[in-house]
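Subject: Structure for you to look at

Hello,

Here is the structure I said I would pass on. My notes on what was found follow it.

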Amino acid sequence: MHDAIDDGDRAFIEARDMFFLATVDADGAPQSSYKGGEPGFVRVLDEQTIAFPSFDGNGMYLSLGNIAETSRVGLLFIDFEGQKRLRLNGIATIDPDDPLLGEYPRAQCIVRVHATEVFPNCPRYIHKLQLVERSRFTPRADCEPPVPDWKRREWARDVLPAGDPAND
């Protein structure tokens, strides 16, 4: 275990197209979520800092809310084809005006994480999986992602944030 991101960690993190994010609220209740994007959507900015975009979600803001409340996060990066994984724990901040925001099409904000623990994790139970295709909802510079059907249902209408594409 170490508290800095080395060159090998950087290459591993930046090659991933997904990770799992764990957060905790002020009462200690945990949340876990899947975060996906194009390979490289998580950037290593220096040996202590990574950054990733927060894209449009379900409007519950559980991850972002917990980060705003406690700032403690755990990230799990997995290479299912190469059967490797890496954990990164740290302190997260959210900046809706982060200078990186313009580099991520359709990102709502940027989350930066100051790494406090970085370590490989035993790979023996990782299932060997292959990517079939990436989600058509993944934000890309060259196309507008479709609005998910669930956002057009009546029960979701009153909870969508202002500016949500489903409101158009």
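Contact here means heavy atoms within 4.5 Å of each other. Please keep in mind that this is a predicted model.

With that cut-off, and leaving aside neighbours within four places in sequence, isoleucine 50 is in contact with Ile5, Val42, Arg43, Val44, Leu45, Leu75, Phe77, Leu88, Val111, Arg112 and Val113. Ile50 also belongs to the largest nonpolar core, a set of 29 residues. Within this core, Ile50, Leu75, Phe77, Leu88 and Val113 touch the most other members. At least two core residues come from each of α1 (7–15), β1 (18–24), β4 (49–55), α2 (62–70), β5 (72–79), β6 (84–95) and β7 (107–121). The biggest share is that of β7, which gives 7 residues. As general background, nonpolar side chains in soluble globular proteins tend to be buried together.

Next, the sheet. Its 7 strands form an open sheet with antiparallel pairing, in the order β2-β1-β5-β6-β7-β4-β3. At the edges are β2 (30–36) and β3 (43–46), each of which pairs on one side only. From one strand to the next, the twist averages 35°.

Finally, the helix α2 lies across β1, β2, β4, β5, β6 and β7. Its direction is at about 50° to β1.

Regards

Definitions and conventions: Residues numbered from 1 in each chain as written. Predicted model: local features only at pLDDT ≥ 70, side-chain atom pairs only at ≥ 80, totals over all residues. Heavy atoms only, no water. Core = buried A, V, L, I, M, F, W, Y, C linked by side-chain atoms within 4.5 Å. Buried < 20%, exposed > 50% of the residue type's maximum accessible area, 1.4 Å probe, protein only. Helix = DSSP H or I, 4+ residues; strand = E, 2+ residues; numbered from the N terminus. Pairing = 2+ DSSP bridges. Axes fitted to C-alpha atoms, helices over the stretch in contact; angles between N-to-C directions.
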